[in-house]
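Here are some notes to keep beside you on a first look through this model. Take the points in order, with the structure open.

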Amino acid sequence: MIQILFYFYLLSTLAISSIFGENVERRFCLYLLISSIITHIIQTNFQFPSYLYYIIPIDTSIFVYSIYLALTKNRFWPIWFAGFLVVGMAASVSILVFRNLNPFIVFAASAFWSLPALACMAYGTYRDGQRRTEHRLAVGRGID
């Protein structure tokens, strides 16, 4: 049930970002969707926590992509997304490094941080879209 709610949340935030975003956001959403599908396949074919060896590189690639967007585009949400993601990644890595931790609690903490990351992406994309619209209207009226 929790997995169904997560995928509903994921698809909702991806839809919001795709609707209000531009090609940058749409490409990132597609990357997240593909990464999520690959992650799901890995989780169904490998046991916990050994599948983290395959998922951490996927999360790292998402992190690098979001940092790239933060450094090269005029958007604010990618740096927030990367910040939330790195906390979740640290929790995943801690499971592999410190074997005496309760892996399910740490994994839940790791999964939790994806929720605010997705929320920041959706809200940030919406606000950036509003900002671009306001700018176009101001330029159209000769205010800029």
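How are α3 and α4 oriented relative to each other, roughly parallel or roughly antiparallel?

1. **The α3 and α4 pair.** α3 and α4 are roughly antiparallel, a label for angles over 145 degrees, while angles under 35 count as roughly parallel, 65 to 115 as roughly perpendicular and the rest as oblique. Their axes come within 9 Å and cross at roughly 160 degrees. Here axes are lines fitted to C-alpha atoms, for helices over the stretch in contact, and angles run from 0 to 180 degrees between N-to-C directions. The crossing of this pair is left-handed, meaning that the near helix is turned anticlockwise from the far one by less than a right angle (clockwise would be right-handed).

2. **What you are looking at.** This is a predicted model, in which local features need pLDDT of at least 70, side-chain atom pairs count only at pLDDT 80 or more, and totals for chains, interfaces and linings use all residues. Residues are numbered from 1 along each chain as its sequence is written, and side-chain values use heavy atoms, with hydrogens and water left out.

3. **The overall layout.** The protein has 6 helices and 0 strands, both taken as DSSP runs (H or I, at least four residues, for helices; E, at least two, for strands) numbered from the N terminus. Its C-alpha trace spans about 65 × 25 × 20 Å along the principal axes. Of the 144 residues, 36% are buried, that is, under 20% relative accessible area, with exposed over 50% and partly exposed in between (1.4 Å probe, protein chains only).

4. **Back to α3 and α4, in residues.** Among the α3 residues that meet α4 are Leu52, Ile62 and Ser66, and the α4 side includes Phe81, Leu85 and Met89; contact means heavy atoms within 4.5 Å. The residues of this contact divide into 19 nonpolar, 3 polar and 1 charged. In that count Ala, Val, Leu, Ile, Met, Phe, Trp, Tyr, Cys and Pro are nonpolar, Asp, Glu, Lys and Arg are charged, and the others, Gly among them, are polar.

5. **Leu85 as a close-up.** Leu85 is found in helix α4 and is buried, with a relative accessible area of 12%. Leaving aside neighbours within four places in sequence, Leu85 is in contact with Asp59, Ile62 and Phe63.

6. **Two partners for α6.** Helix α2 (residues 23–45) and helix α6 (residues 114–140) have axes that come within 12 Å and cross at roughly 160 degrees. That makes α2 roughly antiparallel to α6. Glu25, Phe28, Cys29 and Leu32 in α2 meet Leu118, Met121 and Thr125 in α6. By contrast, α1 and α6 pack at an angle of about 20 degrees, with their axes 8 Å apart. That makes α1 roughly parallel to α6.

7. **The core.** Which residues have the most contacts inside the largest nonpolar core? They are Phe28, Leu32, Leu52, Ile62, Phe81 and Met121, in a core of 26 residues. Such a core is a set of buried Ala, Val, Leu, Ile, Met, Phe, Trp, Tyr and Cys residues joined through side-chain atoms within 4.5 Å. α1 (2–20), α2, α3 (52–72), α4 (77–97) and α6 each supply at least two of its residues. For Phe81, contacts beyond four places in sequence include Phe28, Leu32, Ile62 and Met121.
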